[in-house]
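Hi,

Here is the structure I said I'd pass on.

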Amino acid sequence: MAAKTVLIVYAHQSAGSFNAAIKDAAVDVLKKQGCNVLVSDLYEIFLATIGFPMYWFSVPAIMKGWMDRVLTLGFAYTSEKRYSAGIFREKKAMLSFTTGSHETMFSSNGINGDMNVTLWPVQNGVLNYCGFRVLAPQVFWAPTHLSAEARDSLLKEWRTRLQGLLSEVPLSFPPVDSFDKVKGFQLKPEVHEKQADSPFGLTVGHHLEKPLPPHSQMKAGV
């Protein structure tokens, strides 16, 4: 069986940062599993796994620039090859990032709002759009507010997750055939009917005027 290739797109300017430790842990554990690990350090590229600190509720500008330059029409998607029929449908992708705010602040009652909503544009609008099977994100909540011991604990948990990462079940998104192309890619009536008895919407973006499905952008199988 051929070794799996893992691309880590890394966006942090400091080699001594907690994000760097997260990246180094991923490289170490995945290599020990026999993976061919490639690291694309965006600061090295432009100044001389996707890991980053969350800036303004999104990815850093340098990461957005990478997306704009790499995930282009024809290479990453076409009008016919997107979402579940996408070019990268046999590949997996995940976000790994740190926040400046505590987890409680990104809850449905928190001042920053629901993290599931924050993640939807990138996880659905970029990764799922290109066909990737999106794994649950790895969120490191406010590491700058933690003790060195607590940060070490986070890294140990990350290493544990990495051991089984390649076999994880991805998040759920509605497949392309759930939408009627003739009617402007609207959800088909049978999809609505199937969801009728559920107290929640289908996804964060396809909420059907119902409460959002809890944790659907944070955990698989919910």
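Let's start with F57. Setting aside neighbours within four places in sequence, F57 is in contact with F106, N112 and T118 (contact means heavy atoms within 4.5 Å). F57 is found in the loop between β3 (50-53) and α3 (61-70); helices (H or I, at least four residues) and strands (E, at least two) are DSSP runs, numbered from the N terminus. With a relative accessible area of 38%, F57 counts as partly exposed, as buried means under 20%, exposed over 50% and partly exposed in between (1.4 Å probe, protein chains only).

A quick caution: this is a predicted model, so local features need pLDDT of at least 70 and side-chain atom pairs pLDDT 80 or more, while totals for chains, interfaces and linings use all residues. Residues are numbered from 1 along each chain as its sequence is written, and side-chain values use heavy atoms, leaving out hydrogens and water.

Next, strand β5 (residues 95-98) is covered on both faces: L95 and F97 are buried on one side, S96 and T98 on the other. β5 runs parallel to β7 (residues 138-140), joined by three bridges, and F97 has V139 as its bridge partner there.

Finally, Q195 lies in helix α6 (residues 189-195) and is buried, at 14% relative accessible area. Its side chain reaches the backbone oxygen of F200 at 3.3 Å, and that of G201 at 3.3 Å.

Cheers

How values were computed:
Two strands pair if DSSP finds at least two bridges between them. A polar contact is a pair of N or O atoms within 3.5 Å; within protein, one must be able to donate a hydrogen and the other to accept it, and residues adjacent in sequence count only if both atoms are side-chain atoms.
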